[in-house]
Amino acid sequence: FSNTIGFIGLGNMGIGMAHNLAKTRIVYAYDASPQWQSKIESANIKPVSQIADVAANADTIITMLPNDKIVKSVAQEIFRKQNKTLIDSSTISPYASYDLAKMAQDTKNIYTDAPVSGGVGGAKLGTLTFMVGADKELYDKVSPILKEMGKNIFHCGKIGGGQIAKMCNNMALAIQMISVAEALALGKNMGMDPSMLSSIMSVSSSRCWSVDTYNPAPGVMPNVPSSKDYDGGFMVELMLKDLGIAIEASKKSGTDTQLGQHAQQIYNKLNEHFAKKDFAIVYQELTKSK
Ligand code: NAD
């Protein structure tokens with residue numbers, strides 16, 4: 001890999017990732033939104049006005065885009081050229097990953113799925129977890145690049161493996177958040193302080209990230225979305241996208257994911273009024289008197 005790299009999709013996540021790459025590389029960058037260039041703080045990030053210009057300047061291109069459809073349309077543009085390596089870090093369906101691998105193969109290009117966990121904070125700090133679907137040779141080639149943006153890089157087997165890992169993690173998270181919110185709401189409705197109950201659960205058998213790191217009850221922890229009116233976190237609509245991917249995959253793979261489906265219904269309802277709020281807002285709904 002040369003010292004230049006391409007980056008497409010400089011939104012909440014992508015902008016931080018691109019800045020970490022720009023510490024040692026020239027980053028040719030493109031985003032479809034009109035104002036994105038105002039967020040550039042490094043002279044090493046070179047904005048270009050179309051995808052073709054990214055592909056003309058860089059052999060390795062990272063994408064961080066909203067969904068399957070957009071990733072495929074951007075990939076199509078990139079794959080007008082040959083011998084490009086596309087590292088897609090967006091969260092998309094594993095089935096879309098299989099399609100992208102085929103598109104790459106048919107056009108003499110290379111594709112790997114490398115979705116992330118760790119949120120906007122992790123993207124900025126360069127501490128993301130990457131889940132990579134690739135053969136060993138490709139994994140060895142891309143992991144030094146991913147290390148510039150992340151702390152933990154996992155090889156998840158062949159193409160699509162990264163998306164399978166991401167989808168399974170987020171389905172479990174969706175369910176766990178509801179379980180913690182229900183327990184804290186039940187305690188609260190019976191007069192127990194959510195802070196006290198959270199302290200107990202954090203060292204007891206229901207301990208999990210949703211209780212000890214990202215607590216959904218306002219005021220239990222500072223600096224988490226629940227203490228900031230559920231702003232600045234992982235939006236309900238994004239969680240719903242991830243659950244949609246997991247439920248589709250459950251059906252296609254013949255897996256019984258009843259709780260995943262129930263969680264999807266709960267977030268679907270929340271999405272009607274709170275699409276842009278953090279997904280921990282499920283606690284607020286559960287504590288409303290019925
Ligand atoms: P975002 O909406 O902030 O960023 C997406 C960017 O893609 C936007 O800037 C948009 O203008 C750009 N874009 C859309 N269509 C485009 C096109 N055709 N060509 C070029 N650019 C285009 O979203 P985000 O929060 O940065 O998330 C990006 C991806 O990362 C999603 O797949 C999301 O599920 C995943 N993700 C997000 C988080 C998080 O906490 N936000 C965490 C892990 C994974």
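**View 1. Residues around the ligand.** Around the ligand there are 25 residues, of which Gly-11, Asn-12, Met-13, Ser-33 and Thr-91 come nearest (a residue is near a molecule or strand if its C-beta atom, placed from the backbone, lies within 6 Å of it). Two or more residues of this shell are given by each of α3 (68-78), β7 (116-117) and α5 (119-125); helices (H or I, at least four residues) and strands (E, at least two) are DSSP runs, numbered from the N terminus. By residue class, the shell around the ligand holds 15 nonpolar, 9 polar and 1 charged. Ala, Val, Leu, Ile, Met, Phe, Trp, Tyr, Cys and Pro count as nonpolar, Asp, Glu, Lys and Arg as charged, and the others, Gly among them, as polar. The model is predicted: local features need pLDDT of at least 70, side-chain atom pairs count only at pLDDT 80 or more, and totals for chains, interfaces and linings use all residues. Residue numbers start from 1 along each chain as its sequence is written.

View 2. The protein is split into domain 1 (4-158) and domain 2 (163-287), with bounds from an automatic or database domain assignment. Between the C-alpha centres of domain 1 and domain 2 the distance is 28 Å. Contact involves 14 residues of domain 1 and 12 residues of domain 2 (two residues are in contact if their C-beta atoms, placed from the backbone, lie within 7 Å). On the side of domain 1 that touches domain 2, the residues are 6 nonpolar, 7 polar and 1 charged.

**View 3. The two annotated spans.** UniProt, in an unreviewed entry, places "domain: 6-phosphogluconate dehydrogenase NADP-binding" at residues 4-157. Those residues are 38% helix and 25% strand, with the end C-alpha atoms 27 Å apart. The UniProt annotation "domain: 3-hydroxyisobutyrate dehydrogenase-like NAD-binding", also from an unreviewed entry, covers residues 160-283. That span is 64% helix and 0% strand, and its end C-alpha atoms lie 33 Å apart. UniProt positions follow the numbering used here, feature names are shortened, and annotations may be inferred rather than shown by experiment.

View 4. Strand β1 (residues 4-8) pairs with strand β4 (residues 60-63) in the parallel sense over 3 bridges; two strands pair if DSSP finds at least two bridges between them. Opposite Gly-6 stands Ile-61 in β4. Strand β5 (residues 85-88) pairs with β4 in the parallel sense over 4 bridges, and Leu-86 in β5 is the bridge partner of Ile-61. From β4 the chain crosses through α3 to β5 in a right-handed β-α-β crossover (with the strands pointing away from the viewer, the path from the first strand over the helix to the second runs clockwise).

**View 5. The sheet β7-β8-β9.** This open sheet of 3 strands has mixed pairing. Its edge strands, β7 and β9 (150-155), each pair on one side only. Strand β8 (residues 128-132) pairs with β9 in the parallel sense over 5 bridges. Thr-129 has Asn-152 in β9 as its bridge partner, and Phe-130 has Ile-153 in β9. Helix α6 (residues 136-147) carries the chain from β8 to β9, and this β-α-β crossover is right-handed.
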